[in-house]
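Dear colleague,

I am handing over the structure below, together with an account of what was found in it. Please read the text alongside the coordinates.

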Amino acid sequence: MAVSLGSVIGSVLRAIASMAALAYLGPDFPWGTLFVNVLGSFVIGFYATLTGPGGRVFAGTRQRQFVMAGICGGFTTFSMFSLETFLLVQVGNLPAAGLNIGASIVTWLAAVWLGHILASRLNRLGGV
């Protein structure tokens with residue numbers, strides 16, 4: 001329930017932030033997505049560190065799920081990717097961090113390409 005509520009909040013905030021960035025910076029570049037991904041990455045890194053073991057602020061599991069998986073996940077899926085990659089670098093596991101970056105980019109682009117191809121084929125079907 002906490003993640004669901006957070007996701008609703010994050011998704012609405014994402015729409016507002018994206019539209020605002022596009023209104024100020026124009027539609028010639030995906031400024032909205034870039035803005036929310038950078039901001040979401042900052043927020044999840046900040047909150048995870050602040051509320052994690054040894055952090056200054058105590059947050060229970062549900063509160064952390066509400067903010068990190070819910071709000072940040074609804075705001076941007078990139079925030080969790082950024083945090084996980086940062087944590088791998090922080091513990092010195094550079095090969096895994098590099099693999100995470102490379103595999104993520106390749107699979108995201110491959111999924112977009114595959115979705116595009118399948119939808120294009122579906123669009124060409126007659127009488128459906």
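A compact globule of 128 residues would have a radius of gyration near 14 Å, whereas this protein has 18 Å; the radius is taken over C-alpha atoms, and the globule rule is 2.2 Å times the number of residues to the power 0.38. The C-alpha trace spans about 60 × 35 × 35 Å along its principal axes.

Before the details, a word on conventions: this is a predicted model, in which local features need pLDDT of at least 70 and side-chain atom pairs count only at pLDDT 80 or more, while totals for chains, interfaces and linings use all residues. Residues are numbered from 1 along each chain as its sequence is written, and side-chain values use heavy atoms, with hydrogens and water left out.

**Overall fold and surface**

The secondary structure comes to 5 helices and 0 strands, giving the pattern α-α-α-α-α along the sequence; helices (H or I, at least four residues) and strands (E, at least two) are DSSP runs, numbered from the N terminus. Of the contacts with a separation of 6 or more, 52% are between residues 24 or more positions apart, where contact means heavy atoms within 4.5 Å. The protein exposes about 8,800 Å², of which carbon and sulfur atoms supply 72%; accessible areas come from the Shrake-Rupley method with a 1.4 Å probe, and for residues only the protein chains shown count as cover. Buried residues make up 26% of the 128 residues, with buried meaning under 20% relative accessible area, exposed over 50%, and partly exposed in between (1.4 Å probe, protein chains only).

In soluble globular proteins, nonpolar side chains tend to be buried together. Here the largest nonpolar core has 8 residues, namely Ile44, Tyr47, Ala48, Ala59, Val67, Met68, Cys72 and Leu83, and the elements that give two or more residues to this core are helix H2 (31–51) and helix H3 (61–75). The term covers buried Ala, Val, Leu, Ile, Met, Phe, Trp, Tyr and Cys residues joined through side-chain atoms within 4.5 Å.

Val36 is found in helix H2 and counts as buried because its relative accessibility is 0%. Not counting residues up to four places away in sequence, Val36 touches Arg14, Ala17, Ser18, Phe75 and Thr76, and the C-alpha atoms of Val36 and Arg14, which are 22 residues apart along the chain, are separated by 6.5 Å.

Ser41 also lies in helix H2 and, at 18% relative accessibility, counts as buried. A polar atom of the Ser41 side chain lies 2.8 Å from the backbone oxygen of Asn37, and the Ser41 side chain makes a polar contact with the side chain of Ser82 (2.8 Å). A polar contact is a pair of N or O atoms within 3.5 Å; within protein, one must be able to donate a hydrogen and the other to accept it, and residues adjacent in sequence count only if both atoms are side-chain atoms. With the same exclusion of residues up to four places away, Ser41 touches Phe78, Ser79 and Ser82.

**Aromatic pairs**

Rings of Phe, Tyr and Trp (its six-membered ring) pair if their centres lie within 6.5 Å, with planes under 30 degrees apart counting as stacked, over 60 as edge-to-face and the rest as tilted. By this rule the count comes to 5 aromatic pairs. The rings of Phe42 and Phe46 have their centres 5.8 Å apart and their planes at 20°, so the pair is stacked; both residues lie in helix H2, 4 residues apart, about one turn of the helix.

Phe81 and Trp108 form an edge-to-face pair, 5.0 Å centre to centre with 70° between the planes. Because Phe81 lies in helix H4 (residues 78–90) and Trp108 in helix H5, this pair ties together parts that are 27 residues apart in sequence. Phe81 counts as buried at 12% relative accessibility, whereas Trp108 is partly exposed at 40%, and Phe78, Phe81 and Trp108 form one aromatic cluster.

**Ser104 in helix H5**

Ser104 is found in helix H5 (residues 94–124) and counts as buried at 10% relative accessibility. The Ser104 side chain reaches the backbone oxygen of Asn100 at 2.6 Å, and, leaving aside neighbours within four places in sequence, Ser104 is in contact with Phe81 and Leu99.

With best regards
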